[in-house]
Each structure stands twice: as C-alpha cells, then as structure tokens.
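Subject: Structure handover

Hello,

Here is the structure I promised to pass on to you. Please open it alongside this message.

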Amino acid sequence: MSLPVRRCRGLFCIPDPHVAATPPMQRLDSYMDDVLAKLAACLEQAAASDLVPVVLGDLFHWPRENPNVVMVALIELFRGHHPYVLVGNHDKYQARFTADTSLAVLRAAGVCDVLDEPGLFLRLDTPTGKAVVGASPDGSPLPTSVAKEPDETSVWLTHHNVGFPDFEEKQIKIREIPGLDWLINGHIHRPQPTVAAGGTRWANPGNVTRLKFSRRSMARIPEAAIWRPGLDDLEKWPIPHRPFAEVFPDQELPPEEAAGPAEVRSNFLEGLARLAWKRTREGAGLKDFLSANLNPEHPETALVWELYREVTDHGDAS
C-alpha cells in the first residue's frame, strides 16, 4: 500500500484536549486559555523532539458553533505544526462528522489532517525502526488484522470504549489483533496501564485536560504520550499546567466514584434514567448514552445509529 512516509523519531500523542470557549463541567473561566496553552506546549515539544503530533480524538468539547476566537486561535496554532487529528465522539454532530462541524473547518483551512475513516494513513522511518500507522475514528470498527512489511512495527490509534483494567465492562475487549503491535486509545480519560494480549499492546494514556472536579483529577498530572518503535511502554511527557486549585472552584470535593463489574448493570439503568432529564432537541443525551453503550464491532450498531439520526433529523425538521 502506498502511504506517505515521514522521517522522524516517532509519535507525540495528545489525548482528548476538549477545547471550548465556555468552560465545561466544573472548570473556571480561564479554561480556554489553559487548554490552548497546553496544546501549544505539546506541539512545540513534538517539534523540538522531531515527533509527529497526533490528537487522539475530542479536539473540541462542543462539535460546532465554537466562537471565532477559538477557531482563529487553533488555526494559528496548528498552521506551523499540521497535526493529525482523529475524530472523537465530541467532534461529531448528531453522531456524524460532517462539514457542519468545527473540526471540518480546520480541515478546510488546511492546518491539520483529519482522520475520519478507518485505515492505514502513514509510514514512519525512525532511527529505532520503521513503522506503519493506522487509525479508527469514533464509532468505526477496529481492524481484524493489520498488513505490514516484515521490518515494520504497526500502531493503531483509536477513540473507543476499551475494557482496560479499571473499565472491564466496556464493550471492546482487549485481545490480540494479528499483525498489530500497538493500539493507542483516547476517549477514556483515566490513564490505564498498558496491557499485552499476545503480540498486541493496548495503551490508554488518559486525557490532557482535567474536566472533572474530583480527588482523582486533583492527584493527576496531565501528560502527553510518546511512542517510538522499540519501546516497551509509552513515554510520558508532563504538560505544563496550572495548579488544581486555580482551575476548579474552591469548594468541598465530592466522594470519589467507585468502579467495578458490580456497577455495570446499575450504570446502564442510571444511564437510561439520565435520559429523562438530559433530553435535548439535538438528542445530545441520547447520543452520549448510545456512545457509552454501543459496540462499533457489533453489526446492529450501525442500524441503531441510523435510527438515531432519523429521529434527530426529524426533530430538526419539526
């Protein structure tokens, strides 16, 4: 397969920035400036280290109608670096990536390569070996096997609900994928230990933006992840960031959420219950629920999403 070749030292992975002008969740008003500063630091570090920058999905928190100040800032930031950006669930409107999204505007501006279809897209020629790189955007299936040259390492970028140790109930189970050496996932914000299944290593570095007001967030250091051929695990790069107390409100922390298989059934029911009060004209609550509970590897998933789009499109027309 003919793919572009980059001479470099590897990949610089930036998971889930969630750029927004309006602070999401419990973040304070400095949110936009904080996350843009993190992105700038990541891109500068990638360039200084001769690494290809890749955003692992959810570049945006809101899929469209982001104000011009955000769009202009990202265009100016990306212009000199031209990162790859994987499409995440937050980058899509009504479960689709279309021209009516903010990420599509960045692609039209020519400042990034958007990964919106599954497949191989790049070859790397590095001092530690050659590699072939593929990706599956949100909602698309993972490969059943990967074709690579005998002297190549293969790596696949995803934005999926993967059953890492703290999230065993997630739909996609960790297993060996023939021909695939590494899978690096965004979407799951809590960092997870790298897990080997046969010849495939599964890694989840966690998001670079603290969104949730919790003890776990307070203890976390936002980190990007570096991948090179020959590594046994991802290298972490701590991102310059402001103290927790400066970006979240001064109030008592809530009890930390527990996690485990015993909660799986109740989480599903709680998710259904939340739909009652999260309903919006755009079906945002339903979209979140389906994203959390549908497995893109199951054949009926595509049908469910089609039904969702029919319902939400009908809502727009009424």
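Predicted model: local features only at pLDDT ≥ 70, side-chain atom pairs only at ≥ 80, totals over all residues.

Residues are numbered from 1 along each chain as its sequence is written, and side-chain values use heavy atoms, with hydrogens and water left out.

**The sheet**

Seven strands form an open sheet in the order β1-β6-β7-β8-β9-β11-β10, with mixed pairing. Strands here are DSSP runs of E with at least two residues, and helices are runs of H or I with at least four, numbered from the N terminus; two strands pair if DSSP finds at least two bridges between them. β1 (5-7) and β10 (192-197) are at the edges with a single partner strand each, so one side of each has no neighbour in the sheet. From one strand to the next, the twist averages 20°.

Strand β8 (residues 152-158) is mostly covered, with seven of its seven residues buried (under 20% relative accessible area; exposed is over 50% and partly exposed in between, with a 1.4 Å probe and protein chains only). E152, S154, W156 and T158 point one way from β8, and T153, V155 and L157 point the other way. β8 runs parallel to β7 (residues 129-136), joined by seven bridges, and G134 stands opposite W156. β8 also pairs in the parallel sense with β9 (residues 182-185), over four bridges; there T158 stands opposite N185.

**Q192**

Q192 belongs to strand β10 and is buried, at a relative accessible area of 6%. Leaving aside neighbours within four places in sequence, Q192 is in contact (heavy atoms within 4.5 Å) with F164, P165, D166, F167 and N204. The C-alpha atoms of Q192 and P205 are 6.4 Å apart, although 13 residues separate the two along the chain.

**The helix pair**

Helices α1 (residues 31-48) and α2 (residues 68-79) pack at about 10°, with their axes 11 Å apart. Axes are lines fitted to C-alpha atoms, for helices over the stretch in contact, and angles run from 0 to 180 degrees between N-to-C directions. The two helices α1 and α2 are therefore roughly parallel (an angle under 35 degrees). M32, L36, L39, A40 and L43 of α1 meet V69, V70, A73, L74, L77 and F78 of α2.

Best wishes

Terms used. Parallel < 35°, antiparallel > 145°, perpendicular 65-115°, else oblique.
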